Amino acid sequence: MNTKRFLLLLGIALAMMLAVSCSDDTNTGPYETDEFYYHGSDSFKVINASEHDITGVTIRTWDGADSTIIEYNELISKKGGSKSLLMLNEVLPRNPLMCIKAENRPKLDCIRFNSPSYTWDGKDLYITRLPHPLEMEAL
Amino acid sequence: MKKVLLFVTVFIAFASAQGPYFDVGFGFGEIKTRIDGKDYVKEANILLANNVNDHEGIEFSIKTGYGPFGLGIGPLYVVADLGLIEHSVFNNLYNDDEVIFTTYMFGPGVILYPISFIQIGLSAGLSVATVNMAKENIEIESDLGYMYSASVAYDFGANLEPSFRELLGNHSFLFGFKYSGSRNPTYSGKTIKMETPSFFIKYAYIHRKKAVSLSK
């Protein structure tokens, strides 16, 4: 009887260890890599988009809990502005992809946030660096 | 064995009228660099609100070869072509932010003179592209791809007065137009494609013995 109970407890312990290790794997999410890591903020801003043909911005991210992709869409309809075009006052989980939609472009151009091509001042994201040619993604 | 000896004998006899060909030069032109078919400068300008510019592309090449061989269409030289094209894209907002695309090319080619002073060059071969991001100190090398180039040039040394021509001997200068391109796959699955129409100037050493006799 003691042996059976021991084996049962051992089985439960192993199952728990397995479950924990599996949940660790799922927590990595679809976009997580070692290279790109989102620090977290409550606001994003894309500048100067209305001076050219950008018509919308999409942020795709993973919610960190059940691997669901959350998509934030913001259409830009006003022309002539040169400063703030997108403000998202929500706390975003890590590793978002930012996608920019422009006129006459069937696909979105996306790039991960903490790419060295972008400047992050702790609050706003400014596209001020040349994009990495091989990291621009079309989805 | 007999065939080999015959070939060597014919080649030596044939080659006695031939000599070396060499040219080296550079050109400038508007390079288009496309990543998966998209113009990088145009894409970057969308992201950076038209704050992106590119320098005029530079093209450099060396050709060494042998000839001329007479094939009834004018003197023909067989050459090995080694070259590069370079395209710098820079950010107007930051001086140190620059992306440099360079493609190194090598392959066989032919030089043809359909008219005594007009040179046509054709080459095709392999290429390797690199992407250098100066600010981040990143250099990426592509996988092996292919390249091609076609050029037409005016040969200043071929149309001189006899006294000048005697003075120059086989030395000459070329001025012409060249179109070259390359296509290289990368580790990320994206393809770097570069196209360069350019005007070039070259120094050339051209063994003309056969060519002169043919043109007369």
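Residues are numbered from 1 along each chain as its sequence is written, while chains are lettered from A and ligands numbered from 1 in the order in which they are written. For this predicted model, local features need pLDDT of at least 70, side-chain atom pairs count only at pLDDT 80 or more, and totals for chains, interfaces and linings use all residues; side-chain values use heavy atoms, with hydrogens and water left out.

**View 1**
Helices (H or I, at least four residues) and strands (E, at least two) are DSSP runs, numbered from the N terminus. Chain A comprises one helix and seven strands, and from the N terminus its elements follow the order α-β-β-β-β-β-β-β. Chain B contains four helices and twelve strands. A residue is called buried under 20% relative accessible area, exposed over 50%, and partly exposed in between (1.4 Å probe, protein chains only). In chain A, 41% of the 139 residues are buried; in chain B, 45% of the 216 residues are buried. A contact means heavy atoms within 4.5 Å. Of the contacts in chain A between residues at least 6 apart in sequence, 68% join residues at least 24 apart. In chain B, residues 24 or more positions apart provide 67% of the contacts with a separation of 6 or more.

**View 2. The largest nonpolar core.**
A nonpolar core is a set of buried Ala, Val, Leu, Ile, Met, Phe, Trp, Tyr and Cys residues joined through side-chain atoms within 4.5 Å. The largest one has 20 residues, of which A:Leu130, B:Tyr40, B:Val89, B:Val99, B:Phe101, B:Val131 and B:Ile192 touch the most other members. Two or more residues each come from helix 2 (40-47), strand 6 (75-91), strand 7 (98-115), strand 8 (118-133) and strand 12 (191-206) of chain B. Another core, of ten residues, lies apart from it and includes B:Val79, B:Tyr113, B:Ala204 and B:Ile206.

**View 3. Strand 12 of chain B and its partners.**
Two strands pair if DSSP finds at least two bridges between them. Strand 1 (residues 19-29) of chain B runs antiparallel to strand 12 of chain B, and nine bridges join them; B:Phe26 stands opposite B:Ile201 of strand 12. Strand 2 (residues 32-35) of chain B is likewise antiparallel to strand 12 of chain B, with four bridges, and B:Arg34 stands opposite B:Lys193 of strand 12. Between strand 11 (residues 171-185) and strand 12 of chain B, which are also antiparallel, there are 15 bridges. There, B:Ser172 stands opposite B:Ala204 of strand 12. Strands 11 and 12 of chain B form a hairpin with five residues between them, and B:Gly189 in the turn has a positive phi of about 90 degrees.

**View 4. Aromatic pairs in chain B.**
Rings of Phe, Tyr and Trp (its six-membered ring) pair if their centres lie within 6.5 Å; planes under 30 degrees apart count as stacked, over 60 as edge-to-face and the rest as tilted. The whole structure holds nine aromatic pairs over all chains. In one edge-to-face pair, B:Phe26 and B:Phe28 are 5.8 Å apart from centre to centre, with 80 degrees between the planes. B:Phe26 has a relative accessible area of 42% and is therefore partly exposed; B:Phe28, at 42%, is also partly exposed. B:Tyr77 and B:Tyr113 form an edge-to-face pair at 6.2 Å centre to centre and 70 degrees between the planes. This pair links distant parts of the chain, with B:Tyr77 in strand 6 and B:Tyr113 in strand 7 of chain B, 36 residues apart. B:Tyr77 is buried, since its relative accessible area is 1%, and B:Tyr113 is buried at 5%. Together with B:Tyr21, B:Tyr77 and B:Tyr113 form one aromatic cluster.

**View 5. A buried aspartate in a loop of chain B.**
B:Asp97 lies in the loop between strand 6 and strand 7 of chain B. At 1% relative accessibility, B:Asp97 is classed as buried. A polar contact is a pair of N or O atoms within 3.5 Å; within protein, one must be able to donate a hydrogen and the other to accept it, and residues adjacent in sequence count only if both atoms are side-chain atoms. The side chain of B:Asp97 makes such a contact with the side chain of B:Asn91, at 2.8 Å.

**View 6. Confidence along chain B.**
The predictor's confidence in each residue is its pLDDT, from 0 to 100. Chain B has a mean pLDDT of 85, and 87% of its residues reach 70 or more. Confidence in chain B is lowest in helix 4 (residues 209-215), at a mean of 45, and highest in strand 10 (residues 145-155), at 95. Over residues 10-14 of chain B, pLDDT stays under 50, and the model has one contact beyond four places in sequence for them.
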